[in-house]
Amino acid sequence: MSKRLGATVRPLVESGIAVLIGIVAGGFLMLAFGYDPIRAYTALLIGAFGSTAGILESLAFATPLMVTAVTFAVGVRAALFNIGAEGQMYLGAMGATIVGGAILLPAGLHLITATIFAMCLGALWALPAAILKIWRGVHEVVSTIMLNWMAFWFVTYLVRTYFGEPGRAERAIPALPTARYPIIGETLTAMILVVVAFCIAVTILLWRTGIGFELRLVGDNPQAAKYAGGSSRRAILVSFLVGGLAAGLAGASQILGRPPSWTLYATMGNVLNLGFEGIGVALIGRNHPVGGVFAAIFYGGLSHGGRFMEYHVGVASELVDAINGIIVIALAMPEIVAIIRRRRES
Amino acid sequence: MTIPRRLQWYLIGVVVVSVLMYVISLAGLGVPRLIETGLLAMTPLALAAIGECLNEQAGTVNVGMEGIFLITAVLGVYWAEVFDSGLYGLLLGSATGAVIGLVFGLICVYGKANQVIAGMGLNLLALGLGPYLLMSIWAFPGIHIFPRELMFQPMYFSMGDGYFSISPVTIAAIVLSVLAYLLLKRTLLGIRIRAAGENPIAVDVAGVSVGHIRLSMCIVGGALAGLGGAFMPLGWFGGVVKEISAGRGFIALAAVVFAGLEPLLALVAAFIFGFSEGLAYTVVVSPGVKEIVPFYFVQMAPYAVTLLVLTAAIGRKRLPRALGRPYVRE
């Protein structure tokens, strides 16, 4: 019993320590430029979770991160380092814009079609990386980043040309009212329910189905997977495709489920970096889709609260992304808990 | 066995480049300007790739070069403005990169970190730290243009009725790739570096610290990437913006993979990738071409070329056996 408890608590402790390191290091970065970290973090915390409106808004920020975290997590489970969520998410956002804004469909059907089309485009953009990995052994770190940048320019092209809103060069046509998720409060929409359901579905896929078992086995021990008759090619393909669907959903969430714009900006301003932030979220959530949901709420709070930090204390809100990076570096060190424990004992 | 294959690659490269040059001159584009741009684009890629070759030969992978590029590009400009000199900007940018390399090395060697995750963490850190520094130093989120006098000037050679310019940093990158090659293949230290990546136990038994070798290569790798990062604004663009690295750290990584950790081949790969970028810039501004090919597709070219070259070339190299694994004494 206590061993089992230890297995559950230890990862939480590790994540907690890493988050603490990130926040302390962020404080030093503020001190370096003469800001008061205590005031800044207080403003952040109160802004993010100090009111109902703040909590709703933080959840709205968390929504896309929950699924971009799945992209990375499902990759890690198959021993892949899939950092292509960013580009796949752009494609998803574009897909949602195309079906949501340029096609007329009845109310319920429109929403479903737009969401599914967005997810499929995300998966489609993940496919080249999967094929190159399986066929030629091209490392996914390089291939997915190249695909991210190609996606950036391709989607910018589409927004600036065929799908631009007439008279407003800076953005694409907005999703029609029939393709918008109902608003719960502030900018939070029912999209969050779809996203959480997707995370649970991926959890079931990974831990309750044969293909999920195969995927995790390939990730843990490719040799054993081979003897057990598992196919690493199939596992890699499934991992990339599920990741692509997740990233596509993340893109859709910002178009069909995020007032007030309901559309994609040509600078990608409203979706930029969501894919990369998902990497940190996945690692804080210990590469578990449900863990990622909670980590995303934490990170959504940082993102939303960061704006208050900027408004009240003047600290640029980009600092939040820097904290994310430091947390990831801290989490890369498995020894960190052991080092701290040893120090305490001596 | 390996030498003829390498020669093959060089020959293919030379033929491809010559054919391209011929086509380009037929199309009426300026070949010297094109090569100049190609060499400029090559320089940061080559510097980072050479450093990463040494780094990986010793057994540490650093996928965080993109992050080092971004941080040192911003800080390089900052140092240049503080000391009122482009050269100081380059040198201190390189020193900044060395410090980042040192910290990364400590985390990987003594923290026994998962190197890919730590490197990605470095990239994510830069994704936030770059814009944060831009905002905190110059209080402006967009492009920061520094005074023209701070640009690190290239050397000009007269050539027929025109001229040809090349940055001393580019020449340094070429020289460094040869030095790195000689270091690895012809010196005792080079043997130790390669052994640290191949068989760290043997290095340890011989009484040489694996940790020190790996750490010093991390510092060298960081310093070279830092020089490349500072070169981008100070020797090339004339300004700094938060998207300045634009995936180049990963293109450098692709060059390392393509080269199978050989510094000379890494230089060739960096030239191919840099040249494709230079070609893209030339096409963008060429009358007759720019009307047909959308600007956005031209922007994709360097990434597509990287992916294609990597796909064509991969699968024939072997990497050091202990690459990416922390050394634990038993």
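**Reading the core, the helices and the backbone**

Reply: Let us begin with one residue. Apart from residues up to four places away in sequence, B:Ala49 touches B:Ala252, B:Ala255, B:Val256, B:Ala266, B:Ala269 and B:Ala270. Please keep in mind that this is a predicted model.

Me: To which residues with the most contacts inside the largest nonpolar core does B:Ala49 belong?

Reply: In soluble globular proteins, nonpolar side chains tend to be buried together. Here the largest nonpolar core has 227 residues, and those with the most contacts inside it are A:Ala69, B:Ala49, B:Ala255, B:Ala266, B:Ala269 and B:Ala270. Helix α9 of chain B, residues 210-237, gives the most to this core, namely 15 residues.

Me: How many residues does each chain bring to the contact between chain A and chain B?

Reply: The size of an interface is often given as the accessible area lost when the parts come together. A count of residues is used here: 39 residues come from chain B and 39 residues from chain A. On the side of chain B that touches chain A, α5 (115-138), α10 (248-259) and α12 (295-313) each supply at least two residues. The largest share of that side, 16 residues, comes from α5(B). Its classes are 28 nonpolar, ten polar and one charged residues.

Me: How are α7(A) and α10(A) oriented, roughly parallel or roughly antiparallel?

Reply: One begins with the angle between the axes. Helix α7 (residues 191-208) and helix α10 (residues 232-256) of chain A have axes that come within 10 Å and cross at roughly 170°. An angle over 145 degrees counts as roughly antiparallel, so α7(A) is roughly antiparallel to α10(A). In this contact, A:Met191, A:Val195, A:Phe198 and A:Val202 of α7(A) meet A:Val242, A:Ala246, A:Leu249, A:Ser253 and A:Leu256 of α10(A). The contact has eight nonpolar, one polar and no charged residues.

Me: At roughly what angle do α4 and α11 of chain A cross?

Reply: The axes of α4 (residues 85-102) and α11 (residues 274-284) of chain A cross at roughly 130° and come within 7 Å. The two helices are therefore oblique to each other, and their crossing is right-handed. The residues that meet are A:Ala85, A:Glu86 and A:Met89 in α4(A) and A:Leu274, A:Gly275, A:Phe276 and A:Gly278 in α11(A). By class, this contact has four nonpolar, two polar and one charged residues.

Me: Which residues of helix α8 of chain A are buried?

Reply: In α8(A), residues 210-220, the buried ones are A:Gly212, A:Glu214, A:Leu215, A:Arg216, A:Val218 and A:Gly219. They pack against α3 (52-77), α7, α9 (222-227) and α10 of chain A.

Me: Which residues does a cis peptide bond join, and what is the phi of A:Glu186?

Reply: Most residues other than glycine have a negative phi, and most peptide bonds are trans. A cis peptide bond joins A:Pro259 and A:Pro260, with omega about 0°. A:Pro260 sits in the loop between α10 and α11 of chain A. A:Glu186, although not a glycine, has a positive phi of about 50°. This residue lies in the loop between β3 (183-185) and β4 (188-189) of chain A, and A:Glu186 counts as partly exposed because it has 17 C-beta neighbours inside 10 Å.

Me: Where is B:Ala139, and is it buried or exposed?

Reply: B:Ala139 is in the loop between α5 and β1 of chain B. It has 10 C-beta neighbours inside 10 Å and therefore counts as exposed. B:Ala139 also has a positive phi, of about 55°, although it is not a glycine.

Note on methods
Residues numbered from 1 in each chain as written. Chains lettered and ligands numbered in written order. Predicted model: local features only at pLDDT ≥ 70, side-chain atom pairs only at ≥ 80, totals over all residues. Contact = placed C-beta atoms within 7 Å. Helix = DSSP H or I, 4+ residues; strand = E, 2+ residues; numbered from the N terminus. Nonpolar A, V, L, I, M, F, W, Y, C, P; charged D, E, K, R; others polar. Axes fitted to C-alpha atoms, helices over the stretch in contact; angles between N-to-C directions. Parallel < 35°, antiparallel > 145°, perpendicular 65-115°, else oblique. Left-handed = near helix turned anticlockwise from the far one by under 90°. Core = buried A, V, L, I, M, F, W, Y, C linked by C-beta atoms within 7 Å. Buried ≥ 20, exposed ≤ 12 C-beta atoms within 10 Å, placed from the backbone.
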